[in-house]
Amino acid sequence: MRIKLSEYGTTLGPRVLGVKIKDEVLGKINSEQEIIFDMSGLKSLSTGFSKELFGELYIELGVVFKDKVKFKFDNAENNERLLNIINRGISSSIQNHKNKN
């Protein structure tokens with residue numbers, strides 16, 4: 001399954017959009033399918049968006065996240081910044097779930 005995030009906009013910020021995309025992915029994915037997030041054409045992501053999409057997806061999928069979820073970048077100059085935002089979102093979700101338990 002390939003999700004081209006720039007189809008939702010070039011600057012993705014709203015948390016509700018992250019939740020919407022996560023729910024779409026979870027509704028369509030089967031147990032053996034790989035998820036490829038195509039980051040080409042993106043200028044920026046908010047940490048809140050990243051937390052709701054990537055962080056909560058990480059929590060839902062657990063240890064298989066690293067095997068199932070891939071990121072495709074277009075070699076743009078902002079790739080490192082986008083990856084840092086994704087990592088912050090995942091870390092934030094992990095921390096929130098630890099604090100709840």
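**Helix packing and the parallel sheet**

Helix H1 (residues 15-28) and helix H2 (residues 47-61) have axes that come within 6 Å and cross at roughly 30°. The model is a predicted one, in which local features need pLDDT of at least 70 and side-chain atom pairs count only at pLDDT 80 or more, while totals for chains, interfaces and linings use all residues. Residues are numbered from 1 along each chain as its sequence is written, and side-chain values use heavy atoms, with hydrogens and water left out. Helices (H or I, at least four residues) and strands (E, at least two) are DSSP runs numbered from the N terminus. Axes are lines fitted to C-alpha atoms, for helices over the stretch in contact, and angles run from 0 to 180 degrees between N-to-C directions.

H1 and H2 are therefore roughly parallel to each other (angles under 35 degrees count as roughly parallel, over 145 as roughly antiparallel, 65 to 115 as roughly perpendicular and the rest as oblique).

Contributors to the contact include Phe 54, Tyr 58 and Ile 59 of H2 and Ile 86, Ile 90 and His 97 of H4. The contact of H2 with H4 has seven nonpolar, eight polar and three charged residues.

Three strands form an open sheet in the order E1-E3-E5, with parallel pairing (two strands pair if DSSP finds at least two bridges between them). Strands E1 (2-4) and E5 (69-72) stand at the edges with a single partner strand each, so one side of each is left without a neighbour in the sheet. Neighbouring strands are turned by 20° against each other on average, direction ignored. H2 packs on the sheet, where it touches E3 and E5, and its direction makes about 175° with that of E3. E1 and strand E3 (residues 35-38) pair in the parallel sense over three bridges, and Arg 2 stands opposite Ile 36 in E3.

Conventions:
Contact means heavy atoms within 4.5 Å. Ala, Val, Leu, Ile, Met, Phe, Trp, Tyr, Cys and Pro count as nonpolar, Asp, Glu, Lys and Arg as charged, and the others, Gly among them, as polar.
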